[in-house]
Amino acid sequence: MSVVIAVTSGKGGVGKTTLCANLGYALASFGAKTIVVDLDTGLRNLDLHMGTDIQVINNLMDIAEDRCEAEQAMVAIKNVSGLYMVAAAQTRSKSALTKAKLSEALSKLRPLADVILLDCPAGIDNGFIEAAVLADRALVVTTPDRTSVRDADRVIGILGSEQMHSIDLVVNMVQKKLIRKQACMSVEEIEETLHANLIGVIPMEVKIAQDNNLGRFTSRSKHGNGKIFRKIAAFLMKDVDLGGLTSKDKEAGKTALKNSEINTDNADVNEKDTSDIPKQEEENK
Ligand SMILES: Nc1ncnc2c1ncn2[C@@H]1O[C@H](COP(=O)(O)OP(=O)(O)OP(=O)(O)O)[C@@H](O)[C@H]1O
Ligand SMILES: [Mg+2]
């Protein structure tokens, strides 16, 4: 049975699509057949992050409205076995993606995957709400910016009111220099404010933006930032393997992450790792 994860934030531009693309790669490399679905109707860009922009023929609305089989809208990512992307409809308005339409599309995609990542649009309207209702769990992304944390707080509140019981948190674009100068919130402050289960902290790195622009996966590297994405994926994968989330497992996963006990080094990666190992500590000084 597949697990559907809504990746959401409230505020735009915080790294949802970056996280989806990289978790997709990592999950697939761990052996989970993964479909990343772009819910940003009218403003899609997941295809660019995944290096597939020229191959998109059918999209999510085509599945929902029976214009194609689900497989025909699943773009296989080159050189990564088990990783697929479904694009958002570029020429439709956001309101076209109703709960019934997304539910229809997901019912056709679920049997074809172990994990489905829903790359939500910014905001708390169409796309987000449908995903909040239909997903099995949510991954909330925030930056250390107060505005982003406030929006994440609102999103967590809405997810709770939609009976979403499994909510994890990722803090992206962390710059130690700014935290030291108190120019943004610290990770501890964010955790305290949001009361969410923190499963990953990703630094602000030129290399990550560069990889995105080139349609490359940062998570193909088992080191540096790649390792961070892979650990988050390992946490999610742990629950996929168990077929459900218990609070004990969740706690164990968090402890494992903090103690770096999750060993992703045996993962079967299909591409040769040729990336530079980012020196995040130094760059953040
Ligand atoms: N950790 C990071 N370090 C540096 N740049 C990053 C990082 N994460 C994301 N970015 C860059 O920030 C920008 C926004 O990222 P992304 O598109 O993933 O955000 P988003 O939340 O999906 O945005 P939207 O709300 O518009 O969908 C992109 O240019 C991306 O390359
Ligand atoms: Mg996005």
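Two strands count as paired if DSSP finds at least two bridges between them, where strands (E, at least two residues) and helices (H or I, at least four) are DSSP runs numbered from the N terminus. This is a predicted model, in which local features need pLDDT of at least 70 and side-chain atom pairs count only at pLDDT 80 or more, while totals for chains, interfaces and linings use all residues. Residues are numbered from 1 along each chain as its sequence is written, and chains are lettered from A and ligands numbered from 1 in the order in which they are written.

**The whole protein**

Begin with the cartoon of the protein, which shows 13 helices and 8 strands. Of its 285 residues, 49% count as buried; a residue is buried if 20 or more other C-beta atoms, placed from the backbone, lie within 10 Å of its own, exposed if 12 or fewer, and partly exposed in between. Among contacts with a separation of 6 or more, 79% join residues 24 or more positions apart, a contact being two C-beta atoms, placed from the backbone, within 7 Å.

**The sheet**

Select the 8 strands next: they form an open sheet of mixed pairing, in the order β3-β4-β2-β5-β1-β6-β7-β8. The edges are β3 (75-76) and β8 (197-203); each has a single partner strand, so one side of each lacks a neighbour in the sheet.

Move to β2 (34-38), where 5 of 5 residues are buried. T34, V36 and D38 point one way and I35 and V37 the other. In a regular strand the side chains alternate between the two faces of the sheet. β2 runs parallel to β4, joined by 4 bridges, with V37 opposite V86. β2 also pairs with β5 (115-119) in the parallel sense over 5 bridges, and there V36 faces L117.

**D119**

Select D119, which is found in β5. D119 counts as buried because 28 C-beta neighbours lie inside 10 Å. Beyond four places in sequence, the contacts of D119 include V7, K16, T17, V36 and D38. L19 is 100 residues from D119 in sequence, yet the C-alpha atoms are 8.8 Å apart.

**Ligand 1**

Display ligand 1 and the 18 residues around it, of which G12, K16, T17, T18 and A122 come nearest; a residue is near if its C-beta atom, placed from the backbone, lies within 6 Å. The shell divides into 7 nonpolar, 8 polar and 3 charged residues. Elements supplying at least two shell residues each include α1 (16-29), β7 (167-174) and α10 (206-213).

**Helix α10**

Finish at α10, in which K207, I208, D211 and N212 are buried. They lie on the same side of α10 because they cover an arc of only 140° around the axis, an arc of the directions from the helix axis to the C-beta atoms. An α-helix has 3.6 residues a turn, so residues three or four places apart point the same way. The face turned away from the buried side carries the exposed residues V206, Q210 and N213. Just after α10, select G215, which takes a positive phi of about 65°.

Methods. Ala, Val, Leu, Ile, Met, Phe, Trp, Tyr, Cys and Pro count as nonpolar, Asp, Glu, Lys and Arg as charged, and the others, Gly among them, as polar.
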